[in-house]
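Dear colleague,

I am passing on the structure below, and my notes on it follow. Please read them with the coordinates open.

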Amino acid sequence: IKAIKDALDSYYSDNNQYPEDLEMLVPSYLGVETALLDPWGVHFKLETDAEMNLTLVSAGKDKTFGNADDVKRRI
């Protein structure tokens, strides 16, 4: 998660905006796409709110986004 946060900060510094999709961080800001995988092998999603707060979301153990086992971390 720290590597993704650092990559997002670098991307923002270079582009004055956050990427629309986390895959835009590879390879320039994150060396490998596997850095975008949660512990269950699913790509993290990035959510932003109106104040540009970023939340990294994992689909959780069931590998399905949008239900109670999603893991969210504000970064």
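Which residue in strand 2 is the bridge partner of Lys-45? In this predicted model, where local features need pLDDT of at least 70, side-chain atom pairs count only at pLDDT 80 or more, and totals for chains, interfaces and linings use all residues, the partner is Val-57. Residues are numbered from 1 along each chain as its sequence is written, and side-chain values use heavy atoms, with hydrogens and water left out.

Strand 1 (residues 45–48) runs antiparallel to strand 2 and is joined to it by four bridges, where strands are DSSP runs of E of at least two residues and helices runs of H or I of at least four, numbered from the N terminus, and pairing requires at least two DSSP bridges. The two strands form a hairpin with five residues between them, and Met-52 in the turn has a positive phi of about 65 degrees.

Val-57 is also in contact (heavy atoms within 4.5 Å) with Asp-70, a residue of the loop between strand 2 (54–58) and strand 3 (71–74). A polar atom of the Asp-70 side chain does, however, lie 2.6 Å from the backbone nitrogen of Gly-66.

Lys-45 is, in turn, among the contacts of Leu-22, which also include Ile-4, Leu-8 and Phe-44.

Best regards

Definitions and conventions
Polar contact = N/O pair within 3.5 Å; in protein donor to acceptor, adjacent residues only side chain to side chain. Lists of a residue's contacts leave out its neighbours within four places in sequence.
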